[in-house]
Amino acid sequence: MNALTAIQPQLSLGDWLADLAVDALIDEADLSPKPGLVDRRGSGAHTDLHLGLMHASALALWPSFKAMAEAAQQRGEIDLHLREEVGRIGREGEVEMLRVTGGVNTHRGAIWALGLLSAAAALDVSALAPAQVALRAARLALLDDRAAPVTGDSHGAQVCRLYGVHGAREEAQLGFPAVIQQALPQLARSRVAGVGEQNARLDALLAIMTQLADTCVLYRAGMAGLVSMQSGARAVLAAGGCASLDGRRRLRDLERDMLRLRASPGGAADLLAATLFLDRLQHGLPAQLGSL
Ligand SMILES: CC(C)(COP(=O)(O)OP(=O)(O)OC[C@H]1O[C@@H](n2cnc3c(N)ncnc32)[C@H](O)[C@@H]1O)[C@@H](O)C(=O)NCCC(=O)NCCS
Ligand SMILES: Nc1ncnc2c1ncn2[C@@H]1O[C@H](COP(=O)(O)OP(=O)(O)OP(=O)(O)O)[C@@H](O)[C@H]1O
C-alpha cells in the first residue's frame, strides 16, 4: 500500500458498472473507420455530431448508469417497481444528455440498451455471462413502464410502423439477438484469427449491420438504405473482414454508399457498445469487488 491507494475511495458495484458502460461508449465512438458514423476521422453522415460531443455525452451519463445499477442491486429482483425506477432514471439521463449536447440526440438508444444491461448485471453478479445478463435485461424490458410517454411520433416508432420492423425496444425485449447471436461470436472469431482488436471490433459492428433493422438508417434512407447497409456489411465480412485488403475495399464502398444516402447506423453503433460492455463483464468482478 502507498499514499495513493491508502486514500483511494472504495469502488462500489454501481461505480464499476457505470465505468464499464461509459468506457464502452467511448470505445465505440473512437473506433475507426466506421461507415457513416462519428469516429476519430470525422462526423460521418452527421452534421450535428462530432467526437468531442460523443465523449462529453458519454461521460455525462455515468451517474445515470450508476443509479440504474444501484436501483437494481437494492431491489434485487425483476419487477414493475424496478422497471419504472430504471425508466425514470433513463428519462432523466436523456434530459441530462440533451442539456450537455445542446439538444442533440447523441445516445438515446444507448441509454436504453446500456441502462437495461447495467441494471441486469447488478441484479446477479454470480451470473455475468452475456446471455444471462441479456436475458435479465429482456425480462426487465418486457415489463410495461406505466410512466413512459407514448412515443408514437419518435423517428423509431414512425419507421417501425411504416416498414413493420422491430426497433430498439423489441431488440431489448428479445434479449439483444444482434449482440448475442451476431456481434459477440464475430468478435471472438476475429480475435482468434489474430486480426487485432480494432479490426475485430469493426467486424463485430459489421456483423450487427448484416441483420439489424436499424431505424436510424430507415428514417433517413428508407428500405433501399437499409438493404444497402446490410448487403454492404455482408460483402465486407465475406471478403475476409476489415483486416483483409479486399475487405477494406468493400468497407470503403460501404462508407461511400452510406454517405451518399446520408445514412448512419446509429442503432448498430449502440449495440456495438452493448457488445463491448458484455464482453468486459464476462471476465467477472474486479478484485476490489470480489467479496460481493
Ligand atoms: C426504446 C427507446 C430507445 C425509444 O425507441 P423508439 O422506438 O421510440 O425510437 P427512437 O427513434 O426514439 O430511438 C431509437 C434509438 O435506438 C437505436 N436503434 C435504432 N434501431 C435499433 C434497433 N433495431 N435495435 C436497437 N437499437 C436501435 C438508435 O440509436 C436510435 O437512436 C427509448 O428511448 C424509450 O422509449 N425510452 C422510454 C423511457 C425509458 O424507459 N428510458 C430508459 C430506460 S433504460
Ligand atoms: N459513433 C456514433 N456516430 C453516430 N451515431 C451514433 C454513434 N454511436 C451511437 N450513435 C447513435 O445514433 C443515434 C443518432 O442517430 P440520428 O442522428 O439518426 O438520430 P436522430 O437525431 O433521432 O435523427 P436525425 O438526426 O436523422 O434527425 C443516437 O441516438 C446514438 O445512439
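## Helix pair α7 and α10

Helix α7 (residues 130-142) packs against helix α10 (residues 177-192) at about 150°, and their axes are 10 Å apart. Helices here are DSSP runs of H or I with at least four residues, numbered from the N terminus; axes are lines fitted to C-alpha atoms over the stretch in contact, with angles from 0 to 180 degrees between N-to-C directions. Because of that angle, α7 is roughly antiparallel to α10 (a term for angles over 145 degrees).

On the α7 side P130, A131 and A134 meet V179, I180 and L184 of α10, contact being C-beta atoms, placed from the backbone, within 7 Å. This contact has six nonpolar, no polar and no charged residues. Nonpolar covers Ala, Val, Leu, Ile, Met, Phe, Trp, Tyr, Cys and Pro; charged covers Asp, Glu, Lys and Arg; the others, Gly among them, are polar.

## Basis of the model

The model is predicted: local features need pLDDT of at least 70 and side-chain atom pairs pLDDT 80 or more, while totals for chains, interfaces and linings use all residues. Residues are numbered from 1 along each chain as its sequence is written, with chains lettered from A and ligands numbered from 1 in the order in which they are written.

## Ligand 1

Around ligand 1 there are 30 residues, of which G90, G109, G115, G156 and G267 come nearest (near: C-beta atom, placed from the backbone, within 6 Å). Helix α6 gives the most to this shell, six residues. The shell divides into eleven nonpolar, twelve polar and seven charged residues.

## Ligand 2

Ligand 2 has 22 residues around it, with L37, V38, N105, G266 and A269 nearest. Two or more residues come from each of α2 (13-30), α6 (108-123), α12 (215-238) and α14 (266-281).

Key. Angles under 35 degrees count as roughly parallel, over 145 as roughly antiparallel, 65 to 115 as roughly perpendicular and the rest as oblique. Two residues are in contact if their C-beta atoms, placed from the backbone, lie within 7 Å.
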